[in-house]
Amino acid sequence: GGRLHETRKAIVEAIEASSFLTAHIPEGALYCFVGVDLEQLPDFNDEQFGLDLLEKQHVLVTPGNGFNIPEKNYVRITLLTEATIMRDVFKRIDVLLKEYAAAI
């Protein structure tokens, strides 16, 4: 239980509900690398997504390549945010991903 457990649970539920997202669910880390399905969004770019997410949805994530992840379809999200806020964050992420998919 506890706040971090609830945030982790919110992330897992959001990823399971999204048709775009995958993740390496953390067992004890305070961050999560969230991936985007490249079959659905083949031109996805983590850096551009990070900028678009900040500008359009006011959510800050770190592109995965900032942590030497060679693939361009991961972003890093901290688990230090409260679960209610994290649910909202993932709703905003999904809104932007739906915009990307509509543009294909």
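Predicted model: local features only at pLDDT ≥ 70, side-chain atom pairs only at ≥ 80, totals over all residues.

User: Thanks. In what order do the 4 strands of the sheet come?

Analyst: The order is S1-S2-S4-S3, in an open sheet with antiparallel pairing. Strand S1 (21-24) and strand S3 (62-63) are the edge strands, each with pairing on one side only.

User: And what packs on the sheet?

Analyst: That's H3, which touches S1, strand S2 (31-36) and S4. The direction of H3 makes about 160 degrees with that of S4.

User: How many bridges join S1 to S2?

Analyst: There are 4 bridges between S1 and S2, and the two run antiparallel. A hairpin of 6 residues connects S1 to S2.

User: What about S3, how many bridges does it have with S4?

Analyst: S3 pairs with strand S4 (residues 74-78) over 2 bridges, in the antiparallel sense. Thr 62 is found opposite Arg 76 in S4.

User: Switching topic: how many salt bridges are there in the whole structure?

Analyst: The search finds 6 salt bridges. One of them joins Arg 8 to Glu 27, with 4.0 Å between the closest N and O atoms.

User: Why does that pair tie together parts that are apart in sequence?

Analyst: Because Arg 8 sits in helix H1 while Glu 27 sits in the loop between S1 and S2, the pair ties together parts 19 residues apart in sequence.

User: Nice. Now pockets: what volume does the largest one have?

Analyst: The largest pocket comes to about 160 Å³. Helix H1 (3-17) and helix H3 (83-102) each give at least two residues to its lining.

User: Which residues line the largest pocket?

Analyst: The lining is made of Ala 10, Glu 13, Ala 14, Ala 17, Ser 18, Leu 21, Arg 87, Phe 90, Lys 91 and Asp 94. By class, that lining has 5 nonpolar, 1 polar and 4 charged residues.

User: How many cavities of 30 Å³ or more does the structure hold?

Analyst: The structure has 1 cavity of that size, and the largest cavity has a volume of about 40 Å³. Residues lining the largest cavity include Leu 21, Val 34, Phe 44, Val 75 and Ile 93. S2 and S4 are the elements that give two or more residues to that lining.

User: And what classes of residue are in the lining of the largest cavity?

Analyst: The lining of the largest cavity has 8 nonpolar residues, no polar and no charged ones.

Technical notes:
Residues numbered from 1 in each chain as written. Heavy atoms only, no water. 1 Å grid on protein atoms, 1.4 Å probe; cavity = no way out; pocket = protein on both sides within 12 Å on 5 of 7 lines; lining within 4 Å. Points joined across faces, edges and corners; volume = space filled by probe spheres on them. Nonpolar A, V, L, I, M, F, W, Y, C, P; charged D, E, K, R; others polar. Pairing = 2+ DSSP bridges. Contact = heavy atoms within 4.5 Å. Axes fitted to C-alpha atoms, helices over the stretch in contact; angles between N-to-C directions. Salt bridge = Lys/Arg side-chain N within 4 Å of Asp/Glu carboxyl O.
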